[in-house]
Amino acid sequence: MFGHVFSYRLKCLLRNREQVFWTLLFPLLLATFFYFAFGHLTSEREKFETVKVAVIDNQAYREEVHLQQMLAALSTEGEGQMLELTVTDEAEAEKLLEEGAVAGIVTAGESVGLTVKQSGLKQSILKAVLDEYAYIVRTTAGIISENPAAARRLVKELEKRPTYTEAVSFSGVPPDTMLAYFYALIAMACLYSSFWSLQNTIDLQADLSARGARRSAAPTHKLKVVLSDTLAALTISFAEVLVLLVYLAVGLQVSFGNQVGYILLTCLAGCLVGVSFGNLIGTVIRGSEGIKRGILIGGSLTLCYLAGLMWVDMKYIIATRVPLLAYINPAALITDAFYSLYIFDSHHRFYLNIGLLCLLSALMSLLSFLRLRGERYGSI
Amino acid sequence: MLISVHNLVKRYGNLLALNHFHLQVERGEIVGLLGPNGSGKTTAINCILALLKYDKGEIKLFGKPMTPQAYDSKQKIGLVMQNVAVFDELRVEENIDYFCGLYIRDRARRRLLVQEAIDFVGLGDFCRFYPKKLSGGLLRRLNIACGLAHKPELLIFDEPTVGVDPQSRNSILEGIRELNRRGATVVYTSHYMEEVEQLCSRIVIMDQGKTLATGTTEELKALINQGETINVEIYMLEPEQLARIRQLPHVTRAHYAHDRLAVHYDGGEHNLLELLDYLKSQDISFSRVFSEQPTLNDVFLEITGRQLRD
């Protein structure tokens with residue numbers, strides 16, 4: 001029975017050309033569009049990674065030899081250049097900051113100060129650099145005052161430190177800011193799995209379709225039908241996301257790193273949450289098929305927008321200003337899972353994202369089932 | 001008793017859709033639920049099938065309470081709905097196989113049943129067609145095949161001929177009779193009194209969610225005090241002559257309009273002869289004469305004061 005319902009459900013879904021267009025061809029077209037429209041951003045973004053900074057040329061700065069050395073090292077021209085330094089007087093520095101020519105002003109003194117006009121990635125980089133400098137200075141001073149004998153070993157340890165640019169290396173693959181768009185696109189494709197499961201719920205409920213009434217009148221346990229239908233939707237959507245992934249990797253030469261197993265796991269979890277989302281909208285939201293479809297399309301696109309699909313900085317803004325939303329937005333969790341695979345060597349954050357996706361999926365499935373369990377309808 | 005519905009009440013907000021509705025169906029019967037649109041026929045069917053919640057009452061099928069989990073009872077039921085309930089993405093053969101597969105697990109047996117259903121509804125030449133390529137009549141036949149392929153003991157047809165051409169309608173009705181001859185019990189809802197009269201061994205007249213009358217066609221007609229109606233085309237009839245006609249034996253009513261005289265009788269055996277004799281004796285010239293037996297519409301009119309098709 002399970003196989004019978006599953007195989008016919010696969011046929012039904014696969015022969016629905018409109019759905020196939022939106023769930024498979026549309027993401028492929030969008031990927032191609034992104035590639036050609038935003039492809040040039042990659043090189044520009046790499047240039048942006050050189051953060052322009054003004055340093056006030058005062059007595060304190062001239063005495064801070066270590067600070068000078070660190071800043072000089074970070075602004076040495078070459079592949080690993082992180083900063084572009086302008087050493088100038090206070091008035092000129094403020095002018096540069098006002099004009100947006102520099103991201104911040106470094107002021108040496110008892111403690112090293114940073115003045116910025118706005119918050120953002122470049123400012124965060126500057127802050128991180130200066131924080132680390134302050135930390136090293138503090139630690140070194142502490143160790144030397146408490147245990148002067150350890151000073152030699154400390155110097156050796158410090159010498160061992162890699163350069164700053166090497167310290168933020170990306171798990172063996174070069175950084176590519178375009179990936180943010182492609183991650184969000186994959187998240188969208190995963191959430192579009194919900195279209196399949198919404199169709200399932202419409203074909204299952206007697207108050208939504210005549211087919212639903214006929215199926216409800218049949219002597220088949222509803223849970224069995226729900227599971228077969230859901231598995232069919234999951235199979236198709238996972239296959240579609242794989243096609244998208246292969247197209248991105250092979251056709252558009254987008255590098256996703258080398259952790260294929262984890263990438264597939266992310267896609268599967270993404271599709272699962274997408275299917276559950278469709279089930280939830282299809283069962284819990286009261287209203288006609290049109291209303292449900294409208295809510296589903298609007299909902300998926302909003303979630304993808306918040307995850308950076310249309311404007312990649314949105315994900316950063318949400319993560320910093322409304323972090324809770326980032327934890328309950330499945331699209332953000334999917335993109336973050338990809339990010340964490342790409343950026344971090346540790347899988348801690350990846351598993352957190354996958355865990356949250358599974359939790360969301362379980363929650364949505366539970367709500368859907370509770371709604372479906374009342375198998376008699378108020379009106380048909 | 002195959003179906004036993006007792007005191008069923010169903011409300012949609014303030015609207016009382018079923019008002020203490022009763023229905024009893026014996027094995028082998030073809031029972032027709034006759035009533036105008038909105039009289040509660042489909043609501044009653046949906047409650048019987050445990051698809052719809054109801055406020056009060058008791059429903060038993062095959063002697064057991066009907067619930068959504070009554071899989072044993074559901075196994076023996078075939079449903080043909082008013083709206084065509086098939087998948088547009090599946091071919092004719094696949095649709096029948098899919099719905100049959102919800103009842104029959106054995107593939108070999110199912111293959112035979114599907115073929116029988118296809119032959120029964122005459123869709124042999126359209127097996128590979130998608131539903132969208134079928135005409136309205138053929139689509140209805142597919143809808144029927146999907147409901148009966150598993151050979152149920154009880155078949156429920158909810159207005160299966162709405163929007164169907166006369167030829168397909170006759171074919172559908174003949175098919176239902178054949179199924180009944182093969183042993184199936186049939187519940188048939190319709191607002192077409194001719195269909196119900198032609199097909200059903202027993203009729204339940206419904207209106208506003210209530211059972212108004214139950215019986216065979218003859219029993220229902222006997223409920224009203226009306227015999228035949230004789231219609232005569234007359235081009236000129238004086239009011240005095242009409243008044244005299246009203247005084248003829250067994251005449252209950254007579255009216256003349258649009259060159260037609262309609263005379264209603266409450267009985268009598270030679271009404272036509274007596275009327276014609278009278279017209280001749282008065283030198284009233286007439287052309288066409290025809291007699292009408294009372295219809296279920298007359299029964300409905302008598303009981304409710306409204307036409308069945310109001």
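## Aromatic pairs and a cluster

One aromatic cluster is formed by A:F21, A:W22, A:F26, A:Y192 and A:F195, where rings of Phe, Tyr and Trp (its six-membered ring) are taken to pair if their centres lie within 6.5 Å. The structure is a predicted model, in which local features need pLDDT of at least 70 and side-chain atom pairs count only at pLDDT 80 or more, while totals for chains, interfaces and linings use all residues; side-chain values use heavy atoms, with hydrogens and water left out. Residues are numbered from 1 along each chain as its sequence is written, and chains are lettered from A and ligands numbered from 1 in the order in which they are written.

Over all chains, the structure holds 20 aromatic pairs. One of them joins A:Y183 and A:Y339, whose ring centres are 5.2 Å apart and whose planes stand at 80°, so this pair is edge-to-face (planes over 60 degrees apart; under 30 counts as stacked and the rest as tilted). Because A:Y183 lies in helix 10 (residues 179-191) of chain A and A:Y339 in helix 18 (residues 330-343) of chain A, the pair ties together parts that are 156 residues apart in sequence; helices here are DSSP runs (H or I, at least four residues) numbered from the N terminus.

## Accessibility and a second pair

A:Y183 counts as buried at 2% relative accessibility, whereas A:Y339, at 22%, counts as partly exposed (buried is under 20% relative accessible area, exposed over 50% and partly exposed in between, with a 1.4 Å probe and protein chains only). The rings of A:Y262 and A:Y351 have centres 6.2 Å apart and planes at 70°, so they too form an edge-to-face pair. This pair ties together parts that are 89 residues apart in sequence, since A:Y262 lies in helix 14 (residues 260-284) of chain A and A:Y351 in helix 19 (residues 348-373) of chain A. A:Y262 is partly exposed at 26% relative accessibility, and A:Y351 is partly exposed with a relative accessible area of 44%.

## Charges over rings in chain B

In chain B, the charged end of B:K76 sits over the ring of B:F62, 4.7 Å from its centre, and B:R169 lies over the face of B:Y192, at 4.3 Å from the ring centre. For such a placement, NZ of Lys or CZ of Arg must be within 6 Å of the ring centre and within 35 degrees of the ring normal.

## Domains of chain A

Chain A is divided into domain 1 (2-43 + 177-373) and domain 2 (51-160), with bounds that come from an automatic or database domain assignment. The C-alpha centres of these two domains of chain A lie 45 Å apart.

How values were computed. Helix = DSSP H or I, 4+ residues; strand = E, 2+ residues; numbered from the N terminus.
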